[in-house]
Every structure is written in structure tokens, then in C-alpha cells.
Amino acid sequence: RFLLALGTVLGAGLAWGSVPTPARAATAPAVPPATAAPSASAPQLTAGADGPTLTLLSQSPWVGPGQTMQIRLALGDAPASSLSLTVTVYEHLTSRSAFAETAGGTPVGAVLASTTVPADELAANPQGGVDLTIPVTSGDAPAGGTGTLPVNLECPLDSCGGVYPVRLQLSSATSSAVSSLFTYLVYVKPPPGTEKVRLAWLLRLSLPASSTVGGVSSPALPADKLAQLADVVGALSAHGTVPLTLIPEPADMVALAASDQSQAHSLLGSLQSLGLSAGRQTLADAFVPVDASALVSAGLAGELGAQVKRADEVLSSLHAGSSTWVSTGALDNGTVGELSSLGFSQLVVPADDVIQSTTPFLTVTAPFSLSGGRGRGVEGVEADTELSSDLAAGTGSGAVAAAYRFLADLALVYYEQPNDPVARGVVALEPSATSDPVFLDTVLDALSSDPLISPVTLDDLFAQVPPAAATTYRLAPPAGTPALPVHQIKADRTELAAFTSAVGTAATALVNALDDQLLVSENDSLHAGARHRALSAFSSALHAQLSSVSIRAGTIKLTSSAAKVPITLVKSSGYVVTGTLHVTGDKIVFPPASTQAPGAACRAVSVRSSVVGSTFSCLARITHSTNPVYVSMRARASGDFRLTITLTSPSGGLVLAQTDVTVSSLSTSLVAVGLSAAALAVLVLWWGRTVWRRRPAARGAHVRRRALADDQS
């Protein structure tokens, strides 16, 4: 970093000194008026609870030859008679590292002018606050008027262009505290034929600190969050002529559409109108912000594809393109190849994750080629780190000051190579999805007529700025990937796919809602606990749908050797469910499939039998609340035994419903009847034979007894 900063200073100094002297312009460039003041509720920069308060309300974004810089300040509630303002102007900055020091509050360079003025001597502004005027004298023009602090830029003829830090310090006679801030005097006189720096500003649009999609029916969205996003959309709509690249979060678009709040529907309409505005580009990359490398390295490349597919579906009405992936983290070659296979031919990557073959002395202002693997090449561009820092500071109490710092930083990029005739470009990517309407108003108002910067869409930047040729670029490998519950995500995806095969297109909205919940759990911003809760919410929502299907059979009584048994498939949902019905028992025999007549709810009957059990199966289509299925069966033995009835998804992998029933067999099998009859026949034969043999003997004994009796008489 030190070598990079040192090289930047030396390189910028050489470039500055090499500026040729063009002919004097016939007319000075027009200076746009100071931007409108923020609302009275705009937060202020404070030095402490009891100290003075200094707020930048507006200023001239730039000045040209013979013009003055106008600054409007709010000095807080302390009596003006007790306050004094110190204004110091420093020499122009020669590097962006020096610019970053001043943004952090550290003065850099020699002092060109300084003065302290009592606050009550500053002119009051009709819109509020006080005015500070800085007349500017340059090597090519005298000051255009008088004011609080005349400053001579002390530069040679036609070489005064640059960014000059201005420090403002408000002190009080009754307090030792000092309120201080830095802003910038941007002196503008572009050499003839110089290309403006292209700026592709990427703005994420989402509900601030929003809850993820909450389920099949979205919960009420916080009114204050809706109002915050509506203010941002309003600010962007008010500056519709400034090209921007918008990245709406599809998950929030779904939540807005699912809400029954009129405020949400109005906001959704405004977002759609904004995305369709002329000169605006809408990007669709993922359903929620994800770490692409983490998904791919974890074996979840399919989830990355699902994120992209769902984002395309949600944003299709906005003509959102999917050719550019905006990454907030490092990408490895495997992930670049995967993104390339998904149709992404352009990448936006953080500057810290790009490695160059030569040490850059100046800001990288051109796209570059990267190897995407699998024989595909992609074009990349850096998301400028310093510009992202400027954008991150553009909220709350520092919104206006950060806006002018952002504009000054862009001007410094221009002045690194002001005479380069080749178009150059930078990408400003907001690190978060929370924009400040005051910041947006201030910057967009200035960009509409900026003499150094040309706002373009991201696609236009790739088209208008020639790619770098001499330097080789590669991506730094990710330092580490966050732990993902890979097994759980894969299992949930398998269950969802199986459920989808059961409901088909009859419940597309429901499937999308469940899919959204699973995709939301992969949000890169979630910590482990929040990710676990998101996955649990998905599982609960899916199993709530499964509970709408059940099987009713009760105890089955077989009073004969064969019977047709009714099984009822029950559902309480409003969509058709298709599944495979399995009836299995180890003491049951099912007649052949050709003899089965299960009814209208079943088709494609199959019967399998073996020595260990038999199975009846069919494809069941559950269209009504109750759907009877008649299964012919017979028992192998008498008594009570268990029968298992299961309804699974057509693709397998998910049990839709299951129950066990008891079968009571009161009948006797034919074999048993035959054996019993044979035994009875043998018994009867034996008994008859015995009786027959005993009858002659008994008759002879009777004759002998009668003869003996006659003899005795």
C-alpha cells in the first residue's frame, strides 16, 4: 500500500507537470448554482453536546476562471456573537492517497490562504444558514468578485485545474470544543479535446435493514422502511436524465408484490417505473446478495444457478440483463467459469481483489480481460475502493459533505491524466443498499452538468472505454469462504424438487414462495444463527404444505378369503397433488394388476409379490378433498397384522403422507378348509368302520345269551 501510494504521488505529479498550455477559452465554463439545501430535519455535524455545531448545507461543485466559490453553512443554535469561523485553503492535491488523508481530517500540502471571521459578520442566506464567499484568482484569470477569503491558486497560466482542500473550523468563545470539516474547491478548465471520465454508478435498491421474505404470505412490511426506500426512489426519479445502473433486490420486489399494504404497492410501481426510465440500466444477478465463490467451492453451484434464474424471473418486466455479475467479494477461477456458463460475460470486482502484473501508479480506469475457465473469457472492471468509501459516508449527518467529497474525488481521477485522449472510466459501487436522498439529490444535480465527469450505464462504460492491453490481470483467490450448512441446503433443495414434482404447475406461486425462502437463507449477509432460522422457516413452510395431505383407512377387516378394501386419500389444499401410492404387507396377497379396479383416483397399477410380502402401487391424482382408492387383497393367514400405506412424490425422495393400519383376518384359507375336511372324513371313516366291526360280535353274544336262557328254563 505504501509503495502504491508513493507511486501514485510521483505519477500524478509527473502527469500534472506535463499538462500542455491550451489557448485561453473565449468564455468561462458556467458554474452550476449551489444545490438546494437539505430539509430542516437534516442531521448536523457536531463536536460535542455543549460545543459548536457546523453543517455544510450546499456549495459550488466547481468553479472556473473568474468565478467565486459559494459555501452555505449552518452554525447551530449557539449565539453567532460567540462563534468564529476559520477558513483555510490548501494547495491542490496530487494523489488520491493524499485526498483520503484530508477526507479523514488531516491537512495535506501548503496553505494558500487562511482567515478567521466572526460568525455574526457572515451574510445570512434567505434559505437558512450563512454564506461564505471565496473569490478565486488563478494564473489565467483574476477573481470575479470580493468575499470573505480571496484565494490565489498560485498556478501557472492554464494549469490551475485541480482539487484544493478547504478546511472549515467553527469555534466558540464559551467552549474549548471545535467543530471541523473538510470540503473541496474544484477548479475546472479542461484542455480542449479532453475526454471526460466515464462514471458508472451502481446503486442497490432494497428495503433498509429489511427482513427476508417471510414465507408463503409475507408479513407486514415496516412503514418507516417503505418510506425510506420511497424517498430514495423519489430522489432518483427527480433526476431522470442522469444515467445510472440500478440493482434492485428481487427478494424485496417479491415482498412488495405479496404485501397487502397500499404503500408497498405504490413503491413497487415506482421502482418499476424507475427501472424502465430512459438512460437507466437495471441489473439482475442474484435473488439475494450471495458469495458466489462460497457457493461454488461448497459444491452448491446449482444454488448459484437457482439464484440467477429466480432473479431473472422477478425482474423480467424491467428488461433487466444478466450479462454482468457484480461481486462484493473475491472470485476464484472456478467461480468465474461457473458465472461464464450462466451467461455472465462482464464482471465488477472489488479493486483489492485484482492483481496486476505491473504496480499501478494511477487509478485503474479501463476494463480488462480475465480467463473464465472452460474456454471462456470474461471482461472485468474494478469497483473503485475510494469511491465506495465516499458513498459509504454519504448517510446521516455527513450526507452533504460526503456528496461534495465524492464529486471532488471523481475530479481528482480526471486530473490524474487530464490530457489522455483515450476515454477512461470508473465504477462506483455502493457498499450497502441504504442510500441517502440528500446525498443523491446533491450528487445527481451536479453530475447533470459536470464538465469533467460523464455519467454512463455500466454497459456503456464497457462499450465506450477501451480495455487495458499492456497489463495482465488476474483475481486474488478468496482468503476463506464462510461456512455454509451444505448438507441441509442440499437436502432442502431435494425435498423442494420432489414437492414440485407432486404439485407441478398447479401451484407455481406456492413453489416460488418456498424457493424464495430457501434462496433467502443463502444471503451472504446472514450470520450462522440467522441462516439456521431461515432454513428452519423453509422447512416449516414445506411441511405445513405436506400436512394438508393425509391417508384415511382405519382398521381393515377381512371376513372372506378375498376383498376389495377402500383407502381414502384426503387433502385440504386448493391445488392438485400427484403421488405414488404404495400399499405393503407381509401377510397380504394382492391379485394381479389386470384384475384391480382401484377407481378414478388411481392409474398405472403395479403389483409385486414375494415370499416376504406383497406391494400394490399406483399413480394417484388427488383432485378432491376425499379420493377413494379400492385395493383388492386377500390374507395369507387369519389374525391381526400390520399394513403400511405410503404416498410419495412422483420423483421420489419425499413422503407426502404415510400411515400404518391393522388388518384383522376372520376367514380361513382354502388349504386349511381342505385339511380340516380331509381330517373329518378320516375320522368318520374310522368311526364307521369301528362300529361296523363291532355289530356282528354283539349280535352273536345276544343269540348265545338267549339260548342259554332257554336251556335253563
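**Reading the features**

A: Start with charged side chains: Arg96, Asp384, Glu386 and Asp409 are linked in a network of salt bridges. Keep in mind that this is a predicted model.

Q: How many salt bridges does the structure hold?
A: There are 9 salt bridges in the structure. In one of them, the side chains of Asp384 and Arg96 meet at 2.7 Å, N to O. Asp384 lies in the loop between strand E18 (377-383) and helix H9 (385-392), while Arg96 lies in helix H2 (residues 96-103), so the pair ties together parts that are 288 residues apart in sequence.

Q: Are Asp384 and Arg96 buried or exposed?
A: A residue is called buried when its relative accessible area is under 20%. Asp384 has 7% and counts as buried. Arg96, with 5%, is buried too.

Q: How should I read a salt bridge inside a helix?
A: The general idea is that an α-helix has 3.6 residues a turn, so residues three or four places apart point the same way. Take helix H7: Lys309 and Glu313 are 4 residues apart in it, which is about one helical turn. Their side chains meet in a salt bridge of 2.6 Å, N to O. Arg310 also forms a salt bridge with Glu313, with the closest N and O atoms 3.1 Å apart. Arg310 and Glu313 are 3 residues apart in H7, again about one turn.

Q: Which cysteines form a disulfide with sulfur atoms 1.6 Å apart?
A: Those are Cys602 and Cys618. The pair links distant parts of the chain, 16 residues apart: Cys602 is in strand E27 (residues 602-610) and Cys618 in strand E28 (residues 613-622). Cys602 is buried at 8% relative accessibility, and Cys618 is buried at 2%.

Q: How are E27 and E28 arranged?
A: The strands run antiparallel, and 7 bridges join them. A hairpin connects E27 to E28 through 2 residues. Across the pairing, Arg608 stands opposite Thr615 in E28.

Q: What can the backbone angle phi tell me?
A: Most residues other than glycine have a negative phi. Ala604, found in strand E27, has a positive phi near 55°. Glu154 is not a glycine either, and has a positive phi of about 50°. Glu154 lies in the loop between strand E8 (151-152) and strand E9 (162-172). Ala604 counts as exposed at 59% relative accessibility, and Glu154 is exposed at 59%.

Q: Which residues form a nonpolar patch on the surface?
A: The patch is made of Leu680, Leu683, Val684, Trp686 and Trp687, with about 610 Å² of accessible area together. Leu683 is placed in helix H16 (residues 670-712).

How values were computed: Residues numbered from 1 in each chain as written. Predicted model: local features only at pLDDT ≥ 70, side-chain atom pairs only at ≥ 80, totals over all residues. Heavy atoms only, no water. Patch = residues over 30% accessible without salt bridge, like charges linked within 9 Å, V, L, I, M, F, W, Y side chains within 5 Å. Areas by Shrake-Rupley, 256 points an atom, 1.4 Å probe, with all protein chains shown as cover. Salt bridge = Lys/Arg side-chain N within 4 Å of Asp/Glu carboxyl O. Disulfide = S-S within 2.5 Å. Buried < 20%, exposed > 50% of the residue type's maximum accessible area, 1.4 Å probe, protein only. Pairing = 2+ DSSP bridges.
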